[in-house]
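I opened my notebook for a friendly walk through this one. Here is what I looked up, in the order I looked.

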Amino acid sequence: MDNKVLVTGCAGFIGSHLTEKLLSEGFKVVGIDAFTPYYSRAIKERNMSSFIDNDNFEFYEANLINYNLKQLLHGISTVYHLAAQPGVRYSWEGFKEYVNNNILATQRLLEACRENDTKIVFASSSSVYGNAKLPENEKTPLNPKSPYALTKEFDEKLCTLYHETYGLNAIMLRFFTVYGPRQRPDMAINIFTHKLLSGEPIEIYGDGRQKRDFTYVSDIVEGNFLAGTSKIKFDTFNIGTGNSITINKLIKLLGDVAGVDPLVVHVGKAAGDVRDTRASIAKAKKKLGYSPKVKIKDGIKKYIEWYKKYNLK
Ligand code: UGA
């Protein structure tokens, strides 16, 4: 029973990579994805193409909000809960989708996990810290600056309540701006690459001196795998690199790697964006054995190579 796991959001950017990893490690994987319309179904189907026909993979196109989760969790030891309405900036106008897909969906899943005694690895976000002193560590007070970040903080607190009240095993991972092949189309590196390669100007929100701890997707997947397979019953970890660069430097790097001079325009700062992020990863190193491998220069090279091969928008 211990080798059957569930990945929610298995057609998404991170979910599809994690599913591949779990299958390659010999797990049987049940995947659920609702194909919410935030970005195209074609992209999500392509994300799953390497494993959709794998005999150890079982797929359900369904929504956590109304699906029979008790049945879905039968025989599942661990849930990697990646399904969500993502995105910092869309969360003002899309508020209802965040409440439904992040809060209500997670609460239903936690109820089912409790009934089935299933461990949950919850995908949280560096955005829960807001504008904090760097590097952010797991004890840094949370101070969300967007409705999206608020829903992630809420979900972390809900996981905590289920642990305290019912003894549910829960590990919360705060991912720091993830990039790599299949990156969501609304995220900066995907948008910048598209514009760079099509000769359009890149819109920088604000002065471009905001910093992000960009983390390559294989490192994020490793963090999830270590958390899901560890004996730890309840904890919170940052999953980042411990380094950060400004958006201006990132664009220069993308231009250098692509061999294109970037055209940029500055527009207003986006509501909900935090200024800088940089993870302290000492706790994940010590307790999970997490050790990120991919440096930004190498990650960007791999990303541009991938993008040129599969330039679906
Ligand atoms: C990302 C994800 O979208 C969130 O889902 C995730 O939870 C979060 O990382 C996190 O780490 O917690 P964000 O850091 O905003 O959020 O990532 P990007 O969309 O890649 O944006 C990075 C930076 O680029 C931001 O400062 C943004 O203002 C800037 N940007 C983005 C631009 O200047 N122009 C654009 O066209 C897009």
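**Entry 1: helix α4**

I began with helix α4, residues 95–116: at 1.5 Å a residue its 22 residues should span 32 Å, and I found the end C-alpha atoms 31 Å apart, so the two agree. I kept in mind that this is a predicted model.

A reminder to myself: an α-helix has 3.6 residues a turn, so residues three or four places apart point the same way.

**Entry 2: the ligand**

Then I turned to the ligand and counted its neighbours. There are 21 residues around the ligand, and the closest are Arg89, Ser125, Tyr148, Thr177 and Asp273. By type, I sorted this shell into 10 nonpolar, six polar and five charged residues.

Which elements supply at least two residues of the shell each? I noted α6 (188–198) and β8 (202–205). The most comes from β8, with three residues.

Arginine 89 places a polar side-chain atom 2.7 Å from an oxygen atom of the ligand. The side chain of serine 126 has an N or O atom 2.8 Å from a ligand oxygen. Glutamate 203 takes part through its backbone, where a polar atom is 2.8 Å from a nitrogen atom of the ligand. I then checked the cover: on its own the ligand has 710 Å² of accessible area, and the protein covers 95% of that.

I finished with the backbone. Most residues other than glycine have a negative phi, and most peptide bonds are trans. I looked for exceptions to both.

Leucine 134 and proline 135 are joined by a cis peptide bond, with omega about -10°. I placed proline 135 in the loop between β5 (119–125) and α5 (147–166).

Phenylalanine 35 has a positive phi, near 50°, and sits in the loop between β2 (28–33) and α2 (41–47). Aspartate 117 also has a positive phi, near 60°, and I found aspartate 117 in the loop between α4 and β5.

Are these two residues buried or exposed? Phenylalanine 35 has a relative accessible area of 12%, so I marked it buried. Aspartate 117 has 67%, so I marked it exposed.

Notes:
Residues are numbered from 1 along each chain as its sequence is written. This is a predicted model: local features need pLDDT of at least 70, side-chain atom pairs count only at pLDDT 80 or more; totals for chains, interfaces and linings use all residues. Side-chain values use heavy atoms; hydrogens and water are left out. A residue is near a molecule or strand if one of its heavy atoms lies within 4 Å of it. A polar contact is a pair of N or O atoms within 3.5 Å; within protein, one must be able to donate a hydrogen and the other to accept it, and residues adjacent in sequence count only if both atoms are side-chain atoms. Accessible areas come from the Shrake-Rupley method with a 1.4 Å probe; for residues, only the protein chains shown count as cover. Helices (H or I, at least four residues) and strands (E, at least two) are DSSP runs, numbered from the N terminus. Ala, Val, Leu, Ile, Met, Phe, Trp, Tyr, Cys and Pro count as nonpolar, Asp, Glu, Lys and Arg as charged, and the others, Gly among them, as polar. The expected span of a helix is 1.5 Å times one less than its number of residues. Buried means under 20% relative accessible area, exposed over 50%, partly exposed in between (1.4 Å probe, protein chains only).
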